Amino acid sequence: MKEDISIREKILKLKEQKDVLILGHYYQIPEIQDISDFVGDSLNLAQKAKETTKKIILFCGVHFMGETAKILNPDKKVIIPDMNAGCSLADSCKYTEFKEFKSKYPNHIVISYVNCSAEIKTLSDIICTSGNALQIVNSLPKEQKIIFAPDKNLGGYINRMTGRNMVLYNGSCEVHEQLTSEYTLKMKRENPDAILIAHPECNDAVSKLADYVGSTQGMIKYVKESKNKKFLVATESGILHKLQQDNPDKEFIVVTSSESCACNDCRHMKLNTMEKVLYSLENEEYEIKLSEQTIINARKPIEKMLSISKKLGIIK
């Protein structure tokens, strides 16, 4: 315990000395969330990255999040604690394969979920997050033909909610994809007094069982405003830290895929540790590097997302 406190103190001291902004995703371990300057979901953190005046950005999340921060801050050094912290969803959409897929639909614009590589962003017209995807799609004319990538589950949810017929790329998040309607229904029956909240990265069958479907930030807000005292949570387990902080009088049960599964941990998000954060700050590693052209091309759809989000009042 003393060693943990020492690591924490070293991190906080180095952060001030080196003029570093630490961004932490809700799926990070509690200790990393607690030392972050801002904790949020993809949309919130993208905005914070763009607004910062700090010299260095340390992004405690996964690789594509660090890339997004670099795209929005090309003149700043952006580092992440572990270069191997990837994303199963982003990895499911490769540049060459998606470029070929896109060529089959010449009259379509591409809306890509932020959970994709910088290369995929260069092939996109608008980026979205789970927090603004519905509003961004609805802001476009009904007759507009759309390719939605890479998450087939989020895209399917949007199609169902909007009545659209977007072409969906066949990508998914391994954490959310493993959840089944059968076991989710079993958990609902065992906890009849609980409200089921789910992330739209869950498959359609699980989403249809949920009382509320929304982004990580949306779920946090929903629970805080709810009078209910018990919740089934169908997303990555890291969200529990914030939920419990905000609602100490409420009970949370993570929806799993089976009785033998103790939790829904993203193996990539959980690669980051306090020791790695300290090493990253001490050595200013591991740096995200992108070509100038990639940054220029990938920035356009992100800026488009932020512009639409501001017009719609989603962000300030």
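Is K208 buried or exposed? K208 is exposed, with a relative accessible area of 53%, where exposed means over 50% relative accessible area, buried under 20% and partly exposed in between, with a 1.4 Å probe and protein chains only. This is a predicted model, in which local features need pLDDT of at least 70 and side-chain atom pairs count only at pLDDT 80 or more, while totals for chains, interfaces and linings use all residues. Residues are numbered from 1 along each chain as its sequence is written, and side-chain values use heavy atoms, with hydrogens and water left out.

**View 1. A salt bridge joins D204 and K208 in helix 12.**
The closest N and O atoms of D204 and K208 are 3.1 Å apart, and a salt bridge is a side-chain nitrogen of Lys or Arg within 4 Å of a carboxyl oxygen of Asp or Glu. Because they are 4 residues apart in helix 12 (residues 204–209), D204 and K208 are separated by about one helical turn; helices are DSSP runs of H or I with at least four residues, strands are runs of E with at least two, and both are numbered from the N terminus. D204 is partly exposed, with a relative accessible area of 31%.

**View 2. A salt bridge joins D37 and K15.**
The side chains of D37 and K15 meet at 2.9 Å, N to O. This pair links distant parts of the chain, 22 residues apart, with D37 in the loop between helix 2 (30–35) and strand 2 (38–40) and K15 in helix 1 (residues 2–17). D37 counts as partly exposed at 31% relative accessibility, whereas K15 counts as buried at 9%.

**View 3. H25 is among the residues nearest the centre of the largest cavity.**
The largest cavity holds about 250 Å³ of space and is lined by 27 residues, of which H25, Y27, N115, E201 and M269 lie nearest its centre. On a 1 Å grid over the protein atoms alone, a cavity is a set of points where a 1.4 Å probe fits but cannot get out, and lining residues have an atom within 4 Å of a point; the volume is the space filled by probe spheres set on the points, which are joined across faces, edges and corners. H25 itself is in strand 1 (residues 20–25) and is buried, with a relative accessible area of 3%.

**View 4. Five residues of helix 13 are buried.**
In helix 13 (residues 216–225), the buried residues are T216, G218, M219, I220 and V223. The buried residues of this helix pack against elements including strand 9 (195–198) and helix 14 (239–246), where contact means heavy atoms within 4.5 Å.

Definitions and conventions. On a 1 Å grid over the protein atoms alone, a cavity is a set of points where a 1.4 Å probe fits but cannot get out, and a pocket is an open set with protein on both sides within 12 Å along at least five of seven lines; lining residues have an atom within 4 Å of a point.
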